[in-house]
Amino acid sequence: MPYILHELRGSNISHYELAEQITIGRSTSNQVVIDDATVSAQHAIIEKTDDGYQIRDLDSTNGVYVNGKRLTISPIQAADNIVIGTHNLRVVDALPNELEKTVRIKKSWIPGIYYTDR
């Protein structure tokens, strides 16, 4: 089963198993919540298709980038890099063995500033 690794500035924040569909956005009603002012409340959706998975932009303000190209809809597969706001979502076939090394990113009271406990 493929996964999405959620990364910010090179550090893993979380991971999500791809299901029939996964919504992405700033609103807490999404499965993948990205707390970033450059991300729309309902930004994008990843959907299972007959050929695998695809990501679709939900008319967001700042768009969805797949491997560096802004796209409205695009098939995705392992090793693809999706950029939404300042966050990366990397598609992988399996989770890395060392997920215990995942850094937890925390939001500071200063807008746009994040920090870790390490």
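Student: Which residue in β9 is the bridge partner of Arg 56?

Tutor: Ile 73 is the bridge partner of Arg 56. This is a predicted model, where local features need pLDDT of at least 70, side-chain atom pairs count only at pLDDT 80 or more, and totals for chains, interfaces and linings use all residues. Residues are numbered from 1 along each chain as its sequence is written, and side-chain values use heavy atoms, without hydrogens and water.

Student: What makes β6 and β9 a pair?

Tutor: Two strands pair if DSSP finds at least two bridges between them. Strands are DSSP runs of E, at least two residues long, numbered from the N terminus. Strand β6 (residues 52-57) and β9 have four bridges, in the antiparallel sense, so they count as paired.

Student: Why is β9 called an edge strand?

Tutor: The open sheet has five strands in the order β4-β3-β5-β6-β9, with mixed pairing. Both β4 (32-33) and β9 pair on one side only, which makes them the edge strands.

Student: Why is Ala 79 called exposed?

Tutor: Exposed means over 50% relative accessible area, buried under 20%, and partly exposed in between (1.4 Å probe, protein chains only). Ala 79 has 64%, so it is exposed. Ala 79 sits in the loop between β9 (73-76) and β10 (81-84), and its phi is positive, near 85 degrees.

Student: And what makes Asn 67 partly exposed?

Tutor: Its relative accessibility is 44%, so Asn 67 counts as partly exposed. Asn 67 is in the loop between β7 (64-66) and β8 (69-71); its phi is positive too, about 50 degrees, though it is not a glycine.
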